[in-house]
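Welcome, and thanks for taking a look at this one. Below is a short briefing to read alongside the sequence and the 3D view.

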Amino acid sequence: MSNSSVDEGSHFSQTCDLFDDTALTKRNLLSFIHVCTYSDALPEAHAFFLEFVGKFGRSLPSADTAQCAELLIKGWARKGNTENVRELMRFITSTTTGQKQRLTVPIFEYYLLSLVKQLKRITAADVRGLLQEMAENGLSPQFLFYRSTLSSAELRLLKETLDRLGIRLHTRRYQHPRAPPNKHLVALEREQLPQQPPYDPFAGVADLQTGEQMTALLEEQLAAEMAATVKVPPVPGARFYDLEPRRLPAEAYQRLLDLLEAEWRETLAAGFAAHLDTVCSRQKRLNGIPYHHYLSILEPEFYVQAMLEEIRRCATFSEHYSPFASQLFEALGRRVMGEYLLRSNTADGTLADFKRCYAAYAVQYTRSPALMGQHSPREYWQQRLVEAGGHHFYFDESKQWPVNVLRELGKDLYEVISADAHFNSVLMGALQQSGPSEGVSGVSTSSSSSLTPVISFVYKSHDCFKTKREVRVHPLLIRLYEGACSAIHFETERLPMLSPPVPWVATNFGGNLLVPNFVIRLPAAYPRAMLRRTPVTQFYPTFDALNALSLCPWKINGRLLDIATSIFKDRGNLELDIPISLSKFGPLPRSTHDMTPKEKAYTWHRRKLQKKEQAEMYSLWVDCLYKLSIGHYLRDRTFWFPINTDFRSRVYPIPPNFNHLGSDLSRSLLLFAKGSPLGERGLDWLKVHLINLTGLKKRCSVAERLAYADEILEELIMDSADRPLEGRRWWMQADEKWQTLAACIELTAAVRSGDPASYVSHLAIHQDGSCNGLQHYAALGRDLLGARSVNLVPAEVPQDVYSDVAALVEAEIERDAAAGVEIAAVVRGFITRKVVKQTVMTYVYGVTKYGAKLQVLKRLREDAAFPEGHKVTASLYISEKIFASIGRMFKQTRAIQDWLTGAAQIISAEYGATVDWVTPLGFPVIQPYFKTTKKNSKGEQATSSLVPNTMKQKNGFPPNFIHSLDSSHMMLTALGCHRAGLTFASVHDCFWTHASQVDTMNGICRRTFVGLHEEPILDNLAAYLARRLEEVHNEGAREMTPAQHRQLLKAVHRTIPKGDFDLKQVLDSVYFFS
């Protein structure tokens, strides 16, 4: 959930635009006022605000100035200072702000609060005077408390006061805006489903059966988010630096760490105090606004603790990797801001109000199938808001600190760490060589003769010689914490949740409980102003789909976790995608005095390559350590993934280190917490799923896959389940090795249960789209030949578009060879499915001819039999043949792609606008591709501005448009499955559910795809783009004649001809998703 105020009307709440100086100044002012309010420095904020407006008022729109004044009014009202409230009300209505502003209903709510809280007893005459003033300002008293931002306690105080004074107000009750009808959602609601009980996501989950259990879980999650970090024990005994046996036991390393951290705490406290004194004495400002409050809003001990935690975090970095300093600065600044937001929201009552609403949602709604049948998660939460009298407990987004404050704060703290956190490097080296009996007691950890900073700053060139600041961690710090087997400190948002995520009800409200989230993962260069123009109701279908997905509870596959952990601790296995430890590399090559210069150069080169490989392997090793450690931390627990989207509306779990979109190993460690009996057909689907994971029977029918599973059941499948590391290890030959092993274990358990139909399975069964991007293209263009190749047409066996393209390419080469083309004779017999697969797969995502040539060249280099001298020429020739063959197979696809790229070229190059569109579910997609341009004016300093990057806008449009369609299809399927009572999860175009529910999910998946493409998607897109061009043209962004505008508009707003494919055939295609 976001710490933010929510605008559920026609616009987004005001989100800071990094590239908008006005917006940044406003954010700085608002956050400064909030900080002063919390620290009881309102007089300073008041005086500075008036001074700022007097000097720089013209730099802010009058509406923004009035918003800052309104925030001050709220602060004074809570103190009962009516005099200052009245002064600021007069200020808003004066012309001081540049343009006279009207008073708002919330301002009169604050005024009433100040009257109630003032020392003088409020009278009925005071209230009637207030109501009269509202009327004079064109405001109706019936809108008091309509959408109040006061806490529930404050609202209760005001209403009780009005009742005591005998004043009866007939106030309106807020109703959330309703979404406009969406034909796809209407179709889902009208669909007749088999009779079944209401959806119950937690049925049978042992630790979710009582309200007390759920209450305990939400309290634990809330405590974790309030602490901001979670300590996760690492996999015991796992070491990367294992070339030599450990010189000291872990306890000795820990004792040394305790000594060092105690000393660092003292030196950091002194350094921080000195730095704060310097900042205050210099009266440092950011964007003209005082800065020192951000360094003093919390007690010094907190800042010191935050710096110590940051040192521990740095100890997890690779000694060969230097992160960008700006990213680390911002993250540390957010850590401080998070603590401030927590305390501020606790102080003004909003946190207590939120906890009450969330408890009702988690304890009552999610455990009540009847309620879930009546309301979606979003609708239930909105209903709770209405019952509470508004949405006052939404956290105020203006409290959040702007990014420039976060980075400056983090930079200051990092500089204190660099200057004041040291260790004696000579001593540390000696300790690593000493034996455990010598210990560390009585040893001084610092010496003025050899102090080494734990972190330092370096500057490196990136992106055409741009120099960027990076943070370098001392290698001994990394070894020290690894030797102590220290706990891994994760930010709370990087871990799955221990209670159901907050439902998305607005773009900045959903996901985690206290950690700020946004429904879209916005890049830095993103036109946020365009998003603010989008009505929040347009997002409702997206919110509902995300909420349905995030309700799915998960648990850990303990058996797989133990097997993977044992391999990881035993120095890893690259064949199983388990990173190896350092000892498997062997010692680094070293030159000797008797080597020739050439041999020394070769040795140096080998040494450099091995160090690079070791650094890369360490990153993979740490990633695997995180996954397995989190797995052990969550073992025997139920957990959830909060979910949001990227700018194309593609869905991703928010926790990055461990989720079902991760690697084969990550997916194998996850099970549905809710189980489901296999039923009549579940065992068959479990077998098919297992064979699909192996990749051994891709061109075989479902019946053949089932027969193969039965054939190898006892000899290979059960052997893999019983003796995964000692037996025949058949599972290791599969494409998805770890998921195959998980399926072997589940299938074996089901068969041996004696009654497979009653066996309760928790394994997720996958149904994967057949080259899903081309499926959407074929459906858009009604391309019959292409539709057949990607399984939109029913067939006895699955079609393979890669093999079909390879056959067409081979036929073309045979014709060229017969015609005497030299290169054709060279490549004959070398065209395989593997050679063409990557190019065909990425064709739909806009791969260029140059990129395709590199893809083919990589495959040819893997073939030792291919003539070495012809590989480059052959790769270009083959890639051209692949493009031509795809063009013949998907005729309309090429036409659609050409139209999309042409339209993007016109929009970005001719009109200077970004390419944007709206998905069938209403999600606004805006391509965030910009470049910086500098304009030099004579005698003036060069100014920088962001303009659309035409090349990226053009190349990105086709793949991004298709991604937005596949996401729309997934969301519709998720909503349909939720309504049908199915457990559902997805990895983009791969849909997951229980084995017993695959048939139902398949029906929903096909009906939603057909319904989606029965809509005139391309015609709607052309009409939308034409309207956008008219808007941009009317704004006068680029000068052009009416004739030029009409010509460009005609090129964009045109109809793409379609083929003869009957879309209804998808309903009967077994291998569409299989």
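Helices here are DSSP runs of H or I with at least four residues, and they are numbered from the N terminus. Please keep in mind that this is a predicted model. The chain holds 39 helices and 23 strands. Its radius of gyration is 32 Å, close to the 31 Å given by the globule rule for 1074 residues, so the chain is as compact as a globular protein of that length.

**The chain as a whole**

- Taken along the principal axes, the C-alpha atoms fill a box of roughly 95 × 80 × 75 Å.
- Of the 1074 residues in the chain, 57% are buried.
- Among contacts with a separation of 6 or more, 76% are between residues 24 or more positions apart.
- The accessible surface of the chain is about 44,900 Å², and carbon and sulfur atoms account for 51% of it.

- Helix H13 (residues 325-347) packs against helix H17 (residues 403-420) at an angle of about 100 degrees, and their axes are 7 Å apart.
- Angles of 65 to 115 degrees count as roughly perpendicular, and H13 and H17 are therefore roughly perpendicular to each other.
- On the H13 side, the residues that meet H17 include Leu 328, Phe 329, Leu 332, Val 336 and Met 337. On the H17 side, Val 403, Leu 406, Leu 409, Leu 413 and Tyr 414 are among the residues that meet H13.
- Glu 330 and Arg 334 in H13 also take part, as do Arg 407 and Lys 411 in H17.
- By class, the residues of this contact divide into ten nonpolar, three polar and four charged.

- As background, most residues other than glycine have a negative phi.
- Asp 577 has a positive phi, near 60 degrees. Asp 577 sits in the loop between helix H22 (558-569) and helix H23 (597-634), and with a relative accessible area of 54% it is exposed.
- Arg 782 is not a glycine, yet its phi is positive at about 50 degrees. Its place is the loop between helix H28 (772-781) and helix H29 (784-789).
- Is Arg 782 buried or exposed? Arg 782 counts as buried, at 13% relative accessibility.

**Tyr 540 and its surroundings**

- Tyr 540 belongs to helix H21 (residues 540-550) and is buried, with a relative accessible area of 2%.
- Which residues does Tyr 540 touch, not counting residues up to four places away in sequence? They are His 176, Pro 177, Arg 178, Ala 179, Arg 378, Gln 382 and Val 505.
- Tyr 540 and Pro 180 are 360 residues apart along the chain, while their C-alpha atoms are separated by 9.5 Å.

**Met 732 in its loop**

- Met 732 lies in the loop between helix H26 (702-722) and helix H27 (737-752). At 21% relative accessibility, Met 732 counts as partly exposed.
- Leaving out residues up to four places away in sequence, Met 732 touches Leu 576, Pro 724, Leu 725 and Lys 737.
- Met 732 and Lys 468 are 264 residues apart in sequence, and their C-alpha atoms are 44 Å apart in space.

**Asp 1068 after H39**

- Asp 1068 is in the segment after helix H39 (1042-1052), and it is exposed, with a relative accessible area of 57%.
- How many residues apart along the chain are Asp 1068 and Pro 794? They are 274 residues apart, and 5.9 Å separates their C-alpha atoms.

Key
Residues numbered from 1 in each chain as written. Predicted model: local features only at pLDDT ≥ 70, side-chain atom pairs only at ≥ 80, totals over all residues. Heavy atoms only, no water. Axes fitted to C-alpha atoms, helices over the stretch in contact; angles between N-to-C directions. Helix = DSSP H or I, 4+ residues; strand = E, 2+ residues; numbered from the N terminus. Parallel < 35°, antiparallel > 145°, perpendicular 65-115°, else oblique. Contact = heavy atoms within 4.5 Å. Nonpolar A, V, L, I, M, F, W, Y, C, P; charged D, E, K, R; others polar. Rg over C-alpha atoms; globule rule 2.2 N^0.38 Å. Buried < 20%, exposed > 50% of the residue type's maximum accessible area, 1.4 Å probe, protein only. Areas by Shrake-Rupley, 256 points an atom, 1.4 Å probe, with all protein chains shown as cover.
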